[in-house]
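This report describes the architecture of one protein model, from its domains to single residues. Please keep the structure in view while reading.

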Amino acid sequence: MKAILFDEHGDLGVLRHGEIDTPEPGLGEVRVAVEACSLNYHDVFTRRGMPGIKTPLPMIPGCDAAGTIDSLGPGVTGWEQGARVLVDPVVWTAEGKIQMIGDTQWGGYAEYVVVSADQLIALPDNVSTAAASCLPVAYGTAHRMMFTRGGVKEGETVFVLGASGGVGTCCVLLAKMVGAKVVAAAGSAEKCAALEALGADLTVDYSQTDIARFTKEQTGSLFSGGGWDVVVNFTGGDTWPQTLKMVKMGGRLLTCGATAGFDPATDIRFIWTAEMDIRGSNGWKREDLDALVAMVADGRLTPVIDREMPLHEGVEAMRLLEDREFFGKIVITP
Ligand SMILES: NC(=O)c1ccc[n+]([C@@H]2O[C@H](COP(=O)([O-])OP(=O)(O)OC[C@H]3O[C@@H](n4cnc5c(N)ncnc54)[C@H](OP(=O)(O)O)[C@@H]3O)[C@@H](O)[C@H]2O)c1
């Protein structure tokens, strides 16, 4: 089959479009003909190599696959060839170890992916495979972070940093869905305009504006009720010290990632002075994905797709992601 793969860890140059043996489904597994697979920043971390995670090589990236069942391995019941499915990227092995497609198992930047039947989620007819492929990693994580962990609710002010990417656009959509006031921060005027079109109440271009100062101008001093009820920061790095200064008294700082660095300086005086909660959120549960599929099916949620690209343009698609030349999600369509 054709796939985007890498044989060693490194920069974009190690990625290639090539041929690799089509995998056969084993006991309890199915082979899915991939119609759509969305990109995540996680793919960049996997390709570079992450401390503590052993990636078998060659690796086919792509965590978020949707398509149709192509063949069933022995022992699979309840599924038929041709069924339209979304793949939950994560599976727990019998030994209690977590495995993830596009990370520790071959992923979806390929014509086919083999997964456990337990990972399948049936797709309603009115949910496209492109839309479905946006859901697991980015939207699933945003759903858990905003609702289960973050408790975002109507009337609150929510500041979303990195709002233009996969997790970020979903945070904006979900916060608006429950009636929060959304302040979205992105790295260019064009992305800010796109976020306004998506429903953000206020935007700020953080390549031009100091977001801590912006917060003070908009809301007043932290000592007189200023700041946002909820601040979402999955960028980390230099942005972390800034966002500590932006949380309202008694507010929450939510995090699920560290695109720009995982060990920034923390001035802990802001934590106690604002009596803030810093809440981490990791990944999604199956309930998050079921809820998101239902939201897409009933029209409450429309994933933001920047563009769909054929498999042979997969390396260019990754370049666009890494160079931040996109808005929302990029989807590869094998
Ligand atoms: N814990 C989990 O389970 C989990 C799950 C999903 C994602 N994550 C993490 O969440 C973060 C966002 O993931 P994503 O897939 O939404 O990423 P993405 O689609 O690539 O979006 C990230 C956005 O962050 C902004 N950004 C700011 N500083 C950046 C930098 N130094 N490098 C790259 N982008 C930067 C960019 O927007 P502008 O161009 O507008 O600045 C970019 O579009 C990643 O760190 C990812 O690993 C964690």
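## Basis of the description

Domain bounds, as used here, come from an automatic or database domain assignment. This is a predicted model, in which local features need pLDDT of at least 70 and side-chain atom pairs count only at pLDDT 80 or more, while totals for chains, interfaces and linings use all residues. Residues are numbered from 1 along each chain as its sequence is written.

The protein chain is divided into domain 1 (2-134 + 303-333) and domain 2 (138-280). Taken over C-alpha atoms, the centres of domain 1 and domain 2 are separated by 29 Å. Contact joins 9 residues of domain 1 to 10 residues of domain 2; two residues are in contact if their C-beta atoms, placed from the backbone, lie within 7 Å. On the side of domain 1 that touches domain 2, the residues comprise 5 nonpolar, 2 polar and 2 charged. Here Ala, Val, Leu, Ile, Met, Phe, Trp, Tyr, Cys and Pro count as nonpolar, Asp, Glu, Lys and Arg as charged, and the others, Gly among them, as polar.

A residue is near a molecule if its C-beta atom, placed from the backbone, lies within 6 Å of it. The ligand is surrounded by 27 residues, the closest being Tyr41, Gly162, Gly165, Gly187 and Gly257. By type, this shell around the ligand holds 11 nonpolar, 14 polar and 2 charged residues. At least two residues of the shell come from each of helix H1 (41-48), helix H3 (135-149) and helix H4 (166-177). Helices (H or I, at least four residues) and strands (E, at least two) are DSSP runs, numbered from the N terminus.

## The nonpolar core

A nonpolar core is a set of buried Ala, Val, Leu, Ile, Met, Phe, Trp, Tyr and Cys residues joined through C-beta atoms within 7 Å. A residue is buried if 20 or more other C-beta atoms lie within 10 Å of its own, exposed if 12 or fewer, and partly exposed in between, with C-beta atoms placed from the backbone. The largest nonpolar core has 101 residues, of which Val113, Val160, Cys171 and Val172 touch the most other members. Domain 1 and domain 2 both contribute to this core, so it lies between them. Leaving aside neighbours within four places in sequence, Cys171 is in contact with Ala142, Met146, Val160, Ala163 and Val232.

## Helix H1

Within H1, the residues His42, Asp43, Thr46 and Arg47 are buried. They cover an arc of only 135° around the axis, which puts them on the same side of H1; the arc is that of the directions from the helix axis to the C-beta atoms. The buried residues of H1 pack against strand E1 (2-6), strand E2 (15-19), H3 and helix H10 (314-322). After H1 comes Gly49, with a positive phi near 100°.

## Features of the loops

The loop between H1 and strand E4 (64-72) contains Pro58. The peptide bond from Leu57 to Pro58 is cis, with omega near 0°.

Glu275, in the loop between helix H8 (269-273) and strand E15 (277-280), has a positive phi near 45° although this residue is not glycine. Glu275 counts as exposed because it has 11 C-beta neighbours inside 10 Å.
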